[in-house]
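Visitor: I am new to this structure. Please take one part and walk me through it closely.

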Amino acid sequence: MNQTLLKKENPAEVSQPEESKSSSLVEDKKSEFDCRKYRQFAVTVYLDIQNVLGHLLKDCTEQYPPCPTVALDRLIFEMNKRYSETQLQVVVSPLILTTSDDPNHQRLSAHQHLHTGFLMLSGLQMRGDAMFSAEERSLDEETLEYAWLVELTVGTLSGKLTTPQLQNIITALEAFVFTVEDAENSLRHPRPYLYCYHGTPQPQCPQTTSEHFCPTTDTIKYKMVRASLDGISLNLVESGTILCFQMQELLSDPLIGMEAAHNFGTIVKDHNYALTFHTHANIRLLHKQRFFESVVGPLVELFSTTNDIKTKSCVLVAIASLLPWLPHIVLNAHIQKLLPVLLQGLNTSDFSKIGKASINMERHDARCGSETRLSILTTLASLLKQNASPAERHTSTLISFLMPLTTYHPLQTVGVKALECLAALVTLPVSVILPYRNEVSFFTAEEV
């Protein structure tokens, strides 16, 4: 009896240690969770770099200019990372980029300051704010970045460069961008798939369909960029003017040479609809004088050296189109250089050829030559009225050319201006010419 009772009591006694073992396993599993593994971290970083000197690398040889040099006074990086937000800030103090010309490029002594060019950025500040969320995310998953805000504040960008120096900087920047975005040599991620915003691989996400994958975090997060620039002051300079050089080359073109000649005056004359402050044109002080000083020498040289009558006519029209819009004080400084050219324009026989050449090139009417001659006479008349002494050496030539123009019929104003020029020549001092006579002895025989 007791044995049977003992046998009945044994299962209960055996079950008690089994229940205790299972409960102990559960307790052991619960004890394995350590909240310290999931605690929030706060990271603060401050980095200050001073007196940085670097180079924009590119392919350089002895025949090419050296690499541009970058000088940075101070670079500051700050980061404040929290569980739900990360704040970044980058501050750059004045940054100066210098470059130089080809060492074999020779300049005049007056233009040696153009050998080295520079670009300067007064300051740069970038602020970034990344926002994170842990909604519907397990503890083992990363937080979800749902917003990225950037504010970029750029100071004043100023500089002075020549065209070869600008090309040198662009070449160096192209090499830098090519090195950074070299897709051929970029490393591949060991994971061949991306995680969607649910935290699962895109092919395995239930939201993935046959038409498109479930989007990633970078695809759906909110992005905003706000930028501001204080100002830009860039000067592209050169010892000569590129525009003037191209226009002078066009004067020899048989098709558009005359059109280019008339456009010389378009640059310096006063407009009511273009090249004014009201149309937001950047007009520098003494821009007419600067343009004339740069073109008058090459134009006179081209007129003297060329043998083509069409090119001569284009040069003469170009000079004549500039004369009415320039101050007399500027023209007086170049009157000795311009008079031989203008005298050939006043010559009736030569100008008839020039007029025919201009008509054949530009297909203008017969008034083309008359208007050019009128421009020359108007400028000469006003200059001679103020000071006729520069024309003293050319008086005989001027009179011989002006007299036929007084009876010029196609345009009566030409005759009027010719008379004004002759009237201005009257103010020149009169040259006394004594007749030459042989010395004769008047002694009488008694005096002998």
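This is a predicted model: local features need pLDDT of at least 70, side-chain atom pairs count only at pLDDT 80 or more; totals for chains, interfaces and linings use all residues.

Guide: A polar contact is a pair of N or O atoms within 3.5 Å. Keep that cut-off in mind for the start of helix α7. There, a side-chain oxygen of D308 comes to within 3.3 Å of the backbone nitrogen of K310.

Now the helix itself. Helix α7 covers residues 309–322, which makes 14 residues. From its first C-alpha to its last, α7 reaches 20 Å. That is close to the 20 Å expected at 1.5 Å a residue.

Next, its surroundings. Helix α7 is mostly covered, with 12 of its 14 residues buried. The buried run includes T311, K312, S313 and C314. V315, L316, V317 and A318 are buried too. An α-helix has 3.6 residues a turn, so residues three or four places apart point the same way.

Step back to the whole chain. The chain has 13 helices and 8 strands. Buried residues make up 32% of its 448 residues. Among contacts with a separation of 6 or more, 67% join residues 24 or more positions apart. The accessible surface of the chain comes to about 30,500 Å². Carbon and sulfur atoms account for 58% of that surface.

N51 sits in strand β1, residues 43–55. N51 is exposed, with a relative accessible area of 64%. N51 also has a positive phi of about 55°, although it is not a glycine.

Conventions:
Residues are numbered from 1 along each chain as its sequence is written. Side-chain values use heavy atoms; hydrogens and water are left out. Helices (H or I, at least four residues) and strands (E, at least two) are DSSP runs, numbered from the N terminus. The expected span of a helix is 1.5 Å times one less than its number of residues. Buried means under 20% relative accessible area, exposed over 50%, partly exposed in between (1.4 Å probe, protein chains only). A polar contact is a pair of N or O atoms within 3.5 Å; within protein, one must be able to donate a hydrogen and the other to accept it, and residues adjacent in sequence count only if both atoms are side-chain atoms. Contact means heavy atoms within 4.5 Å. Accessible areas come from the Shrake-Rupley method with a 1.4 Å probe; for residues, only the protein chains shown count as cover.
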